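Student: Could we walk through one model together, question by question?
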Amino acid sequence: MNLFSLKGKRALITGGTHGLGMAMAEGLAGAGAELVITGTTPSKMEEALKYYREQGFTATGYLFDVTNEEDAKKHMDIIANELGDIHILVNNAGIIKRELAITMPVDDFRRVIDVDLVGPFIMSQLVAKQMIARKEGKIINICSMMSELGRNSVSAYAAAKGGLKMLTQNLATEWAKHNIQVNGIGPGYFATSQTAPIRVDGHPFNEFIINRTPAARWGDPEDLAGAAIFLASKASDFVNGQVVYVDGGILATIGKPANED
Ligand code: GCO
């Protein structure tokens, strides 16, 4: 089981104050990693750090916007001085704006691309500099079903997450020779605050997803911990540029008629 041990490793999870980021951070800490959490909301950060520390985990938090290159560099320098190297980067911070493309304000489209695609590039470039020097590192980009499929109202998010899948493959291409493994996790449909509006009982999308998912359920954030531990540990030292889909089988099937068991 040493293959999956993260003892002695420091993992930075962007947007690790709630939702899927928190679930993955908990999994990494459970495997032995020290946590560095970034966020943008002081109250969420305070609550999250209290929760991590109540679990007995070592956790430190930093408030900055990953799309602000100058601020990100400043905080990554502070982290390096206060804590030391980052061994594992999880680019999890992301937003979604659901609006049909025909009416979506371009500034909204641009903001989604900025947070979900440019932010991961900025953070990857900052940590890769120390990982190249150290000749080892793990970068995990949180992609999406929308890295592969589209649906009405998520054009910006799909463009960003499709780009994030290709960014994962390209960073893997450039940095594998430095023993840096860059991979992705593609969550299916999970029960989080981001999906709460389309998950309420009776919402047509809720029934649709249950029917469209072979596992016939929404994902539980804890379902992601295993993939995060795998891609953060020695167990994936020869895995490069892959996206591990944790989706209950959605991408494996064209789906089935609503009345079919
Ligand atoms: C949506 C959902 C999805 C999921 C997830 C799927 O509106 O379709 O929010 O985007 O959150 O990204 O992988």
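What follows is a short chat about a helix and the cores.

Tutor: Heads up: this is a predicted model, where local features need pLDDT of at least 70, side-chain atom pairs count only at pLDDT 80 or more, and totals for chains, interfaces and linings use all residues. Residues are numbered from 1 along each chain as its sequence is written, and side-chain values use heavy atoms, with hydrogens and water left out.

Student: How far apart are the end C-alpha atoms of helix H2 (residues 42-54)?

Tutor: Helices here are DSSP runs of H or I, at least four residues, and strands are E runs of at least two, numbered from the N terminus. The expected span is 1.5 Å times one less than the number of residues. H2 has 13 residues, so it should span 18 Å, and that agrees with its end C-alpha atoms, which are 18 Å apart.

Student: Which residues of H2 are buried?

Tutor: Buried means under 20% relative accessible area, exposed over 50%, partly exposed in between (1.4 Å probe, protein chains only). The face turned away from the buried side carries exposed Glu46, Glu47, Lys50 and Glu54. The buried ones in H2 are Met45, Ala48, Leu49 and Tyr52.

Student: What covers those buried residues of H2?

Tutor: Contact means heavy atoms within 4.5 Å. The cover includes helix H1 (19-30), strand S2 (34-39) and strand S3 (59-63).

Student: How many residues are in the largest nonpolar core?

Tutor: A nonpolar core is a set of buried Ala, Val, Leu, Ile, Met, Phe, Trp, Tyr and Cys residues joined through side-chain atoms within 4.5 Å. Met76 and Met123 are among those with the most contacts inside the largest one, which has 44 residues.
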